[in-house]
Structures are given as structure tokens and as C-alpha cells.
Amino acid sequence: MSKFDPAAAPIPRRRLLAMGGALAGSLGVAGLFPAWARSGTAGIAHASPHATAGSGVLSGAAIALRIGESHFATGGRSSHAVTVNGTLPAPLLRLREGQTVRIAVTNTLAEQTSIHWHGLLVPFHMDGVPGVSFPGIDPGETFTYEFPLTHSGTFWYHSHSGMQEAVGLYGPIVIDPAGPDPLACEREHVLVLSDWSPIHPHEQMRRLKMMSGYFNRQKQDLAGLLAGKDQSLADRLAWGQMRMDATDISDVTGTTYSFLVNGHGTAENWTGLFAPGERVRLRVINASSMTNFNFRIPGLPLKVVAADGNPVQPVETDEVQIAIAETYDFIVEPGEVESYAIVAEALDRSGQVRATLARRMGLAAAVPEIRRRPVLTMRDMGMDMSGMDMGQDGEIDLSKPANESMAGHSMKMRDPAVAPTVKMGPGVATLSPMPVDRLADRPTGLEDVDHRVLTYAELRARDPNPDPRVPSRQIDVHLTANMERYMWSMDGTAMSENPDPIPFRLGERVRVNLVNDTMMPHPIHLHGHFFELVSGEPGNRPRKHTVNVLPGGKVSFDLTADGEGDWAFHCHMLLHMHAGMMRVVTVRRDGEPEERHSGHEGHQGHMGAGEG
Amino acid sequence: MAPTLSRLILAPLLVSTMPFAACAQEASAAATHDHSSMDHSMHGMEMPAQEMPQPTATPVMDHSAHAGHATSEATVSDQPGDAPPPPVPTDHPADRIFAPDRMAASRKAMIGEMRFSTFALQVDQLEYRAAKGRDGSGWDAQAWYGGDIDRVVLASEGEGSFGERAERIELAGYWRHALDPWFNLQLGVRHDFRPDPQRTYALIGIEGLAPYWFEVSGQVLVSDKGDTHARGKAAYQQRITRTLVVEPEAEVDFAFQDVPDLSVGSGFERLELGARLRYDRNRSLAPYVGVHWERKLGQTARLARAAGDDASGVSAVVGVRAMF
Ligand SMILES: [Cu+2]
């Protein structure tokens, strides 16, 4: 444990106090967790299919959510929180494919709020992004979302207003299939992974703008050099020359974060129960604002059965890096062993959270040590030429081809010709000169672990892809940054510069090539659509709503633009999105902008029922 | 031109050294990237060459379980077309469902929320200087307000010995504008409350992060009396451990002419060197100890000696760095 050890904190009792709203009076400390998230839960498969008071599982055709102020404490840290029905995480919504649901969201905050249904395919005006798809929910207002559930799977919901997502407003969604579930197991648990800081995300942002390494306490040092750790002197000099930091893995870290499973820190040891011989389905959701997690259960293989809600052909692995906003369903078979540690380790290894899978309460398996934090490589700069004779004699020669015709390193790190669509300016510090497709790469920091690690390339969709067409065109989207100034953008333009939306024709098939010109992975999320990762041969490519683009690399996905309307498209690291790594994607019928002025009868009818 | 060239040079190298799947991806990526500049005849030449005859579908399916092998065939066989993109609409679909004025306000609020503008106070040095004979103090701090590209900065530095009039009190106000990823322009004024007589200077400068993480700045100052000066600064932060940082720093002043009023002679006038060892566990308040050496140079030094002052001095320092 590097900085802060939650297990060592005194009085590790967790408390969540609802401060306001009608719920405050009726809930004691023990009742402040939804039942499914309470430690020692028997699992959600045993929850009533109908809403029961206090279970924290909300079902049925009409659901009411109340957003309010709370106070949250864990592992010695405490602060103001924004919660739903007084709980953190928010209630589990368990719904059934084929039903239409009405969810009335009441805002008791003094500021605007919203809820976005992450991964659900809903009409765009029900998607819940203020300024894109609806006006937001003002204080005192109730907005009723209404949409049909057209598919099943594990999803989640969160605020898209301000930075409420970072201060507690997130919860899980489970949609059961209309028919029998081929993945049905003896037991199911939902695990919502998240990060919690007493420092408000706006203040985190301010500090990062003041000093981009503010929360990074794991930089390379002289002691490490003398001890032969991390990079060699030659590499350090080469990286220093480029003003790049090989330990810039996460911006907001365990220095300020407590990491949580279902709202519980390591000391609080959230425990999910099982009986010997059962197959247990774990629905794992990374609802963090800024933390990618390495997820594993030492000693227990994870059978991946769904990613981002979509079933995949089962693949067994030992560890999965779950990016922010992704969801994975695993089936595990705990057998006769009494307890297992569930470990979610922050990508930069600045902290981790342990939960437990056990036959009864009170058991805990050994918690593994946090592993050494990774150090980035040339591949993370989009400069990998492994196989070429590089790095000999302490000299990094990667620039040779460019160097011989140009002035030197700095030119090569920022050569506009490699990305003609990027607007160059102070916000773009680097362009990946040779980004490679990294779908088959193990994710950052897991390159060398001696057990199986899931790569995107291992995923194959269980069901055939619905649209077999080859894309009729493609677009490049560059993920750009100046990490030193803490500026984040797409194609060199921040959202605050009010860029044009990215236009699609309704129904067209387009390939989107995401190129990561930064040294940090970005979980890129497109609202209202599933896309197919261009990995493996066509037919059963993995369908996802979020894809983590590894540093210096690229990812292509094929998209059928079948969701009419405007949609958010952004990095799901909350501070990156907020700093500008976001776009609006607009899907229109052919010739529609002109048509609009002549008359728009067709749309009003079925889209009118929004505001409550 | 150069990246295309490098790709041409590198592609064969990669082919010869990387596993098949990866290199095929790479090659196809290169082809994809240059798509717009290629004519269709080129595709005609390319496709048959790479589309190898496949015996049956089944063995290929088996390969798909492996990460890369199938990918190569896939990226060739499902090369996207080059249909033109649709026009960029200027209207907003949400306006058809919700009150357009509310949507307009909401859009404005969303964009506004992502526009960063804030305040910060950074005290780089605030220290006690223990010197032979007379102790003193020194400081170097700045406050700023603004966004990523443009900021308003109020900066101050100075020093003095206890029981005497301060030797130097400078207050500068300038507009800081980002020129490129690393460097900023400074435009503004500096007023020196000490030494006497007080002077006001117009200031133009550049500051930034040089390769190898050197923090550098250079300023040219022209006073209301017409005399011109320059100042250069450089600093470097070396982490010894995760919490111990040593920061060597240099500052030099240059005068383009004699300024008798200020006892300054033309040429290099003043050099400051320092090294501070900081305990950097807490970002907002980090204590340090160090050494500070200062010396008047050239004609300025001669003028100081003639006035009975020391031309140079060394002091042990203890202080704090703070960030709010
Ligand atoms: Cu990002």
C-alpha cells in the first residue's frame, strides 16, 4: 500500500447520512444502503421482482427517484455527496426487456441535475444530457423519463450535470431478457466500483491546472535511478527532452481517492455470499469518475460472458482492466473454498479496494499487495517500433527516420502532417507519430503479469452483429491533450470552443478511427449506440458503448447511426470531458436540415411526452 | 511529406520484424490513412495482392479465437468506402421537443461550465535568510486568474535585511498568453518600490518549460526613464525521493546602459544562485532549507563597493513553498 491504507484507518465504520429530503427521518444508519449493496447480501437474484420497500431494488413500470444532498464518509474521509433516494450508490433498477418504463426524477438540489442511462438505447430526448438532448432538471422540478427497453444486460446511470457523478450520483441497472436468460446462474451480485474524494472535482481540476502532477506522488526519482528501478538514465533523459513523464498514469489518484465497491472501502469489506457449488454471476460496473481498475479475484478464474451489456462468447481470464464506464459480466465458480478477495486496483497502483466473496459473513481472504506502478513506454507515445534496433547504447533512436530529414525530437513529437485534421495550438503537446492498433494489447501496467489478462481482441460477440455492411466511409477522431497544462480535447479543439457536431446520416454505417495522441488511456463513450470494435473478422465483433483507447494507440469501431438526434460523445474520465474531450454527434435523416423548415409534423407526436 | 516518407521506410522494416498480424494491421493502417490521397486504381492494385485465397471459412473461424491472425484478413476485406460526409447541420433536434429558449440556455450553460477560469496563489519562496552579520528575508510569489490560454498574473519578488530598508521590492502585473504547448508570452508592467528611486518598467517576457524540464523565463524591461534591462531565470526540480526535492535556481539581471540613479552599471548587474531542499509531502505547504548566494557583477559591483556595500553575500535559508 503506497500512500493511504484504508484498512489501517481508525474506526473504519462507514456512515452515510441523508441530510435533507423526506428520507432523512425514516432511515437509520443501517438502512442507508440499498439492500443489494449492503455488505453480506445474498445477491440480487433473490430480490423480489417487484419493488419492495428498503430493498434498494426498484422494478416495475413506474419508478420514482429523488436526487438530494447527503453526506458520505469512508476510510477516514468524508464530504458532501449527491445521492439518489438517499443512497450511494443509487438504487438498483431491475427491469425487463420489452417493457416501457416511466422514471420520474425529482430534483431537491439547489442546482440543476440530470440522469443519463448509460448504455441504454433510448430516444435521444430521454438520454439525459443537458445542453445536448434535453434542458436538464431544474431545482424543484420533476422530469419523467419514459422509454421502451429494447435490449437486456448490465448498465448503469449517472448524472450528466456539473460533476455530480464524482460526488455520488451513480447506480446500477440490470435489464433481464424478455425470455429465459441463457446466462442464468444460481446467484448474481452487482459490484459497482467507484472512487471517492473529499476534494470536490472542481477543486481537483483547479489544482491540476495549477500543477498537472498535483496528485501524482509516484514520479520517478533519483533514489530509484540509483537503485536501478524504473527507467534507465538514458531513457529518463530521452523522455525529459520531450517533456514527457513516464509515470503520468492517472491524474487524480489514491492520494485523494478512496476506492469503493458498492460504496464500501477495503476496511468495510463488502461481502457477497455464495453457497458451495454455485455458479455466481458478477455484474461489475466501473462507475468511477477518474479511475480505471484492474479487477481480479486471486485464485478464481473469471469467465467473461458480457461486455457493456452485450453477451460475448465466454472467455476465461484471470484479470480484466475495467475502464471507467465499462461493464463486464463474469461467471465464477467458487467451489468449496470459503472466501475469495475481490480486488479492484487503481490503474496507477496508487490504491485499491478489496471486497469479499464468501460462504458467510465475517470471512476475509488475504488481500494481495498493491503491485508496483507501471512506467510508460515508447509504445504509449505512439512511437513503438519494436523490432527495430532501438535503445542501443543508451540512445533512443526512434526519431531517426524523421530526425534525418527534420530538426529533431520536438518536430517529430508534434508533426502536424501525421494528423492533418487536428487543430494545432497550445492544447496539443504531442501527436502519435505511428499509432498502432492496440486492441490486442494487454492494457497499461498488465503487460508483464504472469497470468491471463483480457484483451479486447479476445472478445467475440455471442450474437451475430446486426448490421453486416462494410462502412461506406470513415472518420478519424484524435484524442488530444497538453497534459502539462491539463488541457484535453478532440482534434485539438475543446468542447468549450463550441465545435461543430460530428454529422451522421440516419442508418449509415461509418468506421470511426480513434487515435490517442496522449499518454493516458481514454475510455471513449458514445451515447445512444452500440458500436462494433474492428477486431477479428467481421460477423461477431464485440459490441460496446465504451472503448478504452490505450495511450499512443488507436482503435477503430464500426457504427450504424440508427439513433436519430443529438448524442454526447466523450471521454468518460470526468475531468477530461469537462476540460473539453467531448463532441456532439448528430444523426439526421438525409436532407433533413432543409426539410425541417418546411414542416416537422412527423416528430412531434411520439417525442412530446417528455416533461413532467 | 516526412511522415509518409517514414512510413514507406518503416513499413518494410516492420514487416520483416513483427509478427504477421501486427504488420498487416500496420500496413493496412498506413493505407487507410492515406486513403483520401490515393486514387481508386491504387486500390485495384492493392486488394488482389492482399486478399489471399482462403480454403474454406471454417479454418479461418478457428483462427479468430486468436488475437491477431484473423484481424489481418478482416482489415483488408472490410476496407471502408469513401462516401462523402453529410453536411453539418446548424439546428438542434432537441429544440423540436423542448422549449427552444430553454435548450439555448442549456447549451450555453454546458459550454460555459467547461470553460475553465480560476484563481491560484503560488508562493515559490518565502524564506528567512541567515547571513553573516545581518539576517534577512526573501520571497518570490505569484497569483493568477484565468484560463488555459490567457491569464492575468500578479507577481512579486524581493529581499531585504532586517533592520534596514528592503533592498528590492518588485511587483509586476502582466497578461500571460500561451504561445505553444510549453511557452507563454508576458506583457505588462513592473513597479520597483525598492531600490530608491522607485521605477516603473514596461515588461515583455517569455516563460516556459524547456526540454529536460527546465523552467525558464526571460524578460526585457524598459523604465519610464528610458533605461533598458533584461532578466533571465532558470530552475530545475530534481526529486531525490518521492517526498524530497532539490531545486537549484539561477537569476541574472543585465543592464543595457549605466543607470547612475540606481547604482547600476552597464552589463551584467546581478546574479543569484540558490539550491533548496524541499520536503514535498504536502503540496499546499512544503518546507525547505537551502543556500542562497548573491553577487553584484561588473560595473554594478564596483559601484556597490565604492558605496561601502558588499558586492556579494551567501546565506543559509529556511522557508516554505505554498500553493493555494
Ligand atoms: Cu480522457
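**Loops, a copper site and a sheet**

P195(B) sits in the loop between β5 (183-194) and β6 (199-210) of chain B. Helices (H or I, at least four residues) and strands (E, at least two) are DSSP runs, numbered from the N terminus. The model is a predicted one, so local features need pLDDT of at least 70 and side-chain atom pairs count only at pLDDT 80 or more, while totals for chains, interfaces and linings use all residues. Residues are numbered from 1 along each chain as its sequence is written, chains are lettered from A and ligands numbered from 1 in the order in which they are written, and side-chain values use heavy atoms, with hydrogens and water left out.

Back to the backbone. Most residues other than glycine have a negative phi, and most peptide bonds are trans. The bond that joins R194(B) to P195(B) is cis, with omega about 0 degrees. As for phi, W213(B) is not a glycine, yet its value is positive at about 65 degrees. This tryptophan, W213(B), is in the loop between β6 and β7 (214-223) of chain B and is partly exposed, with 24% relative accessible area. Here buried means under 20% relative accessible area, exposed means over 50%, and partly exposed is in between (1.4 Å probe, protein chains only). D230(A) also has a positive phi, near 55 degrees; D230(A) is located in the loop between α3 (222-226) and α4 (233-241) of chain A and counts as partly exposed at 26%.

Next, the copper ion. H522(A) and H576(A), each through ND1, and C571(A), through SG, coordinate the copper ion at 2.0 to 2.1 Å. Donors are N, O and S atoms within 2.8 Å of the metal (3.2 Å for Na, K and Ca), and since water is not among the atoms, sites may look incomplete. Along the chain, the donors of the copper ion are spaced as H-x48-C-x4-H. H522(A), in strand β27 (residues 522-526) of chain A, and C571(A), in strand β32 (residues 565-571) of chain A, are 49 residues apart, so to speak a link between distant parts of the chain. H522(A) and C571(A) are both buried. Elsewhere in chain A, A481(A) of strand β23 (residues 473-482) is buried, with 2% relative accessible area.

Two strands pair if DSSP finds at least two bridges between them. V192(A) has I285(A) of β14(A) as its bridge partner.

Then come the charged pairs. Side chains of opposite charge can pair when their charged atoms come close. Over all chains, 76 salt bridges turn up, each a side-chain nitrogen of Lys or Arg within 4 Å of a carboxyl oxygen of Asp or Glu. One of them joins R165(B) to D196(B) at 2.7 Å, N to O. This pair links loops 31 residues apart: R165(B) is between β3 (150-161) and β4 (168-178), and D196(B) between β5 and β6 of chain B. R165(B) is exposed at 53%, whereas D196(B) is partly exposed at 39%. D227(B) and R199(B) form another salt bridge, with their closest N and O atoms 3.0 Å apart. D227(B) lies in the loop between β7 and β8 (228-235) and R199(B) in strand β6, so the pair ties together parts 28 residues apart in sequence. Both count as buried, D227(B) at 5% and R199(B) at 3%. For R321(B) and D280(B), the closest N and O atoms of the salt bridge are 3.9 Å apart. R321(B) is buried at 7%, and D280(B) is buried at 4%.

Last, the surface of chain B. A nonpolar patch there consists of Y128(B), F162(B), L277(B), V289(B) and V318(B), which together have about 430 Å² of accessible area. Patches are made of residues with over 30% relative accessible area and no salt bridge, like charges being joined within 9 Å and nonpolar side chains (Val, Leu, Ile, Met, Phe, Trp, Tyr) within 5 Å. Accessible areas come from the Shrake-Rupley method with a 1.4 Å probe; for residues, only the protein chains shown count as cover. V318(B), in strand β13 (residues 312-323) of chain B, is partly exposed at 44%.
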